[in-house]
Amino acid sequence: MVSIQNSTTFLKVTLTSQKMSQKTETSNIEQLTTLDQQLLWHPYTSMSEPSPQYLVEKAQGMNIYLADGRVLTDGTASWWSVIHGYNHPKITQAIQDQTALFSHVMFGGLTHKPAIKLGEKLVEISPAGLERVFFSDSGSVAVEVAMKMAIQYWHTQGKPQKQKFATPRSGYHGDTFAAMSVCDPVNGMHGMFSSTLTNQFFLAPPPQGLNSPIDEDYLISVRTLFEQHANSIAAFIIEPVVQNAGGMRFYNPLYLYEIKRICEAFDVLFIADEIATGFGRTGKMFACDHANITPDILCVGKALTGGNITLAATLTNDKVALGISQKGGVFMHGPTFMANPLACAAANASLELLGSYTLDKLISTLAQNLIDALSPCRALSSVYDVRCFGAIGVVELHEPVNLKTIQPLFVDEGVWIRPFGKLIYLMPPYIASQDDLNKLGNAIFKVIKKIRG
Ligand SMILES: *Cc1c(COP(=O)(O)O)cnc(C)c1O
């Protein structure tokens with residue numbers, strides 16, 4: 001409960017902050033962050049021991065401007081979504097133009113140009129054969145939708161017993177229940193939700209290394225699982241080439257090609273979760289393109305709107321879409337804010353920008369700059385590995401970091417970097433210059449040295 005006194009404070013703070021022009025006074029910042037800690041959950045945080053939160057006044061390009069006047073160079077693209085940098089004028093304009101017409105209408109029975117245009121564009125840029133688009137609000141929901149599609153497909157095909165999923169460990173697919181059931185069992189906290197989560201089939205993670213030779217035993221393990229259980233498996237789900245939040249692991253794209261073939265042989269659908277890797281992050285429009293495969297179902301989110309408004313999509317082929325629709329079948333999902341016009345307008349503007357880049361050249365330059373910026377970290381004894389792929393740079397330590405200790409050190413260096421576990425990584429906006437990346441790399445080097453010597 002918020003006490004009356006707190007509410008009064010809040011009113012006062014709001015009123016004063018309205019009068020302010022640029023910088024927020026220190027006392028106001030303290031009041032606001034205290035209120036924040038009393039009222040608001042942040043991702044993966046405690047309410048009794050709240051983490052420090054930094055009050056943001058504005059964001060522009062590569063920079064996040066804190067209310068206390070500090071400016072942070074962003075190395076995270078706000079969880080990998082803000083690919084063109086903050087507040088891009090073309091995207092802002094597109095949202096404003098759409099707002100002037102209408103911000104929202106229900107998608108049941110009504111449709112609109114921003115959604116149609118976006119659907120057309122997604123089909124055009126995604127791997128050939130993905131022809132049908134389902135819009136939803138967030139990545140986790142896009143994964144739920146993909147899983148429901150797979151189950152419904154087999155249901156209409158007379159195989160209702162195919163309800164389970166196979167997936168490698170070290171994956172991350174979101175925080176809702178079905179998505180959580182295919183997350184890494186340890187990171188996904190399966191223990192805590194054990195009686196609610198569906199038991200899925202877990203494989204070892206694909207062996208690490210983009211160029212590591214294919215381990216035939218790994219493929220045999222996939223084949224063996226399907227030989228024993230394909231009659232209960234609706235789909236295999238994986239993050240193509242990069243396992244992201246589950247460990248920032250890169251693997252040889254040939255695994256995707258081979259596993260896709262095994263899936264086909266055993267009547268298991270293939271779901272590619274490209275919520276992190278989609279829209280150029282790995283140097284191709286989609287990470288599946290490194291393996292030249294078309295999944296049966298593809299999930300996108302995060303960077304879809306250039307990180308401006310929440311939106312996700314689940315794409316599928318005719319086999320699944322028309323299969324579900326056989327004998328009067330309908331797909332059983334329909335979010336209130338499905339295909340929100342503002343979000344679709346932002347996505348259209350973002351994809352237009354993306355189309356104006358020479359993507360492979362842009363990302364290969366970024367990749368080289370990331371390697372240059374992070375390589376010095378290899379000299380530090382607490383560093384286990386430095387690896388880069390596309391616009392992803394990872395410094396893996398031997399021991400996990402303490403976020404509460406390390407976060408303020410990064411802020412002191414004028415950068416926004418948010419490590420997890422043993423991983424300090426950069427997934428910057430694509431507009432990051434060599435100087436930006438060097439600043440971020442130097443900060444990582446300095447901070448590791450400070451905490452670990
Ligand atoms: C972030 C992420 C999700 C979940 O997306 P939300 O928008 O946070 O629900 C799912 N899969 C992958 C691969 C992700 O990186």
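**Stop one: a helix pair**

Select helix α4 (residues 89-101) and helix α11 (residues 341-356): they pack at an angle of about 150°, with their axes 8 Å apart. Helices here are DSSP runs of H or I with at least four residues, strands are E runs of at least two, and both are numbered from the N terminus. Axes are lines fitted to C-alpha atoms, for helices over the stretch in contact, and angles run from 0 to 180 degrees between N-to-C directions. This is a predicted model, where local features need pLDDT of at least 70, side-chain atom pairs count only at pLDDT 80 or more, and totals for chains, interfaces and linings use all residues. Residues are numbered from 1 along each chain as its sequence is written, and side-chain values use heavy atoms, with hydrogens and water left out.

The angle makes α4 and α11 roughly antiparallel (over 145 degrees; under 35 counts as roughly parallel). Now show the side chains: Lys90, Ile91, Ala94, Ile95, Gln98 and Thr99 of α4 meet α11 residues including Pro341, Leu342 and Leu353 (contact means heavy atoms within 4.5 Å). Nonpolar covers Ala, Val, Leu, Ile, Met, Phe, Trp, Tyr, Cys and Pro, charged covers Asp, Glu, Lys and Arg, and the others, Gly among them, are polar.

**Stop two: another helix pair**

Next, select α12 (residues 359-374) and α14 (residues 434-452), which pack at about 30° with axes 8 Å apart. These two are therefore roughly parallel. On α12, look for Leu366, Asn369, Leu370, Asp372, Ala373 and Leu374, which meet Gln434, Leu437, Asn438, Gly441 and Ile444 on α14. Six nonpolar, four polar and one charged residues make up this contact.

Select His42, Pro43, Gln53, Trp416 and Arg418, which lie nearest the centre of the second largest pocket, among its 25 lining residues. On a 1 Å grid over the protein atoms alone, a pocket is an open set of points with protein on both sides within 12 Å along at least five of seven lines; a cavity is a set where a 1.4 Å probe fits but cannot get out, and lining residues have an atom within 4 Å of a point. The pocket's volume is about 620 Å³, and its lining has 14 nonpolar, eight polar and three charged residues.

Finally, find the largest cavity, with a volume of about 50 Å³. A volume is the space filled by probe spheres set on the points, which are joined across faces, edges and corners. Its lining includes Asp36, His42, Met47 and Gln53.

Conventions:
Parallel < 35°, antiparallel > 145°, perpendicular 65-115°, else oblique.
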